[in-house]
Amino acid sequence: MRTSAIAASIAVLALGLSGPASAQSPIIIKFSHVVATDTPKGKGAEKFKELAEKYTGGKVKVEVYPNSTLYKDKEELEALQLGSVQMLAPSNSKFGPLGIREFEVFDLPYILPDIKTLRKVTEGPLGTKLLKLLDAKGITGLAYWDNGFKQMSANKKLITPADYQGVKFRIQSSRVIQAQFKSLGSLPQVMAFSEVYQALQTGVVDGQENTWSNIYTQKMHEVQKYITETNHGYIGYVVIVNKKFWDDLPADIRDPLSKAMKEATEFSNAQSQKENDDALAEIKKSGKSEIIKLTADQDEAMRKAMEPVYKEAAGRIGQGLIDEFLKEAKSPTN
Ligand code: LMR
């Protein structure tokens, strides 16, 4: 009796010292992003957290920091490279300052008629090739997450290309987006996402372009009288992780995390359209912003006005890349 009690205490002690895996402190993944939790990306991040913790049996803990609470746009990429955070999901439009211009191909106006077409590119050879470019920057690209299509907002009615003349627009850091607004005679200004609401409110800028879910969750519709339903461009994300952190993970941790990422991606991409539809409905209900729909002729005029962007973008990202994108987008399947 006594001997077995001692043996039991020794066993307990030994367990405590060596520590069974589940009692060890978990591996922390800090996942920082700039949008609200109630958005396609915000929900994708939460789903990844749930699945990653479940599939690793608690050996990994994912801390999600939404709404730029940890870092703003440019800082978050630097923080990832330094290893201060492990995971991010910046939009395709934000990789230029890192020295990777190619993701800006997604910013070309009207290049994507719908999400089905986008999927052909992201799930095809070009999608894989683009992710590979990140390796050289100490970053591993894990997945593509959707947000949706962009709309134009301002305190004046934006109907014809002439309406854009001289209007100050906040933009993401993409040079292709800069060229887009220049083609309309507007004055684009790069600004972190977290600063947009205040800049619109105080008149630092007059307008901006974004998806319904971003406009609604940042309350931009409360400080913009008009939103024109242009669907002229796309916002989507590249989920990225610090390469060294990822490569150093033991396979029995990395594999379940990959599984969690795959499922979180399917989840996020399956509900992004609904998130945007719901946000549009809420904006309409609020009555704070008038939603303008363009006629077919007005839409055509916008497309024509932005056509020169393709030529200008070719100088930055290469005509070859644009052609490859268009070819994959047009292919029947991948
Ligand atoms: C923006 O800066 O407008 C967007 O990229 C924000 C986001 O992450 O959706």
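The largest nonpolar core has 52 residues, and those with the most contacts inside it are F95, F103, V105, L134 and I240. Such a core is a set of buried Ala, Val, Leu, Ile, Met, Phe, Trp, Tyr and Cys residues joined through side-chain atoms within 4.5 Å, where buried means under 20% relative accessible area (1.4 Å probe, protein chains only). This is a predicted model: local features need pLDDT of at least 70, side-chain atom pairs count only at pLDDT 80 or more, and totals for chains, interfaces and linings use all residues. Residues are numbered from 1 along each chain as its sequence is written, and side-chain values use heavy atoms, with hydrogens and water left out.

- Beyond its neighbours within four places in sequence, L134 is in contact (heavy atoms within 4.5 Å) with F95, I100, F103, I139, G141, V238 and I240.
- Another core, of 41 residues, lies apart from the largest one and includes A199, W212, I227 and V239.

**Ligand surroundings**
- Residues around the ligand (a heavy atom within 4 Å) include K41, K94, R170, F193 and Y237.
- A polar side-chain atom of Q172 is 2.7 Å from an oxygen atom of the ligand.
- For N210, a polar side-chain atom lies 2.8 Å from a ligand oxygen atom.
- On its own the ligand has 270 Å² of accessible area (Shrake-Rupley method, 1.4 Å probe), and the protein covers 100% of this area.

Technical notes
Buried means under 20% relative accessible area, exposed over 50%, partly exposed in between (1.4 Å probe, protein chains only). A polar contact is a pair of N or O atoms within 3.5 Å; within protein, one must be able to donate a hydrogen and the other to accept it, and residues adjacent in sequence count only if both atoms are side-chain atoms.
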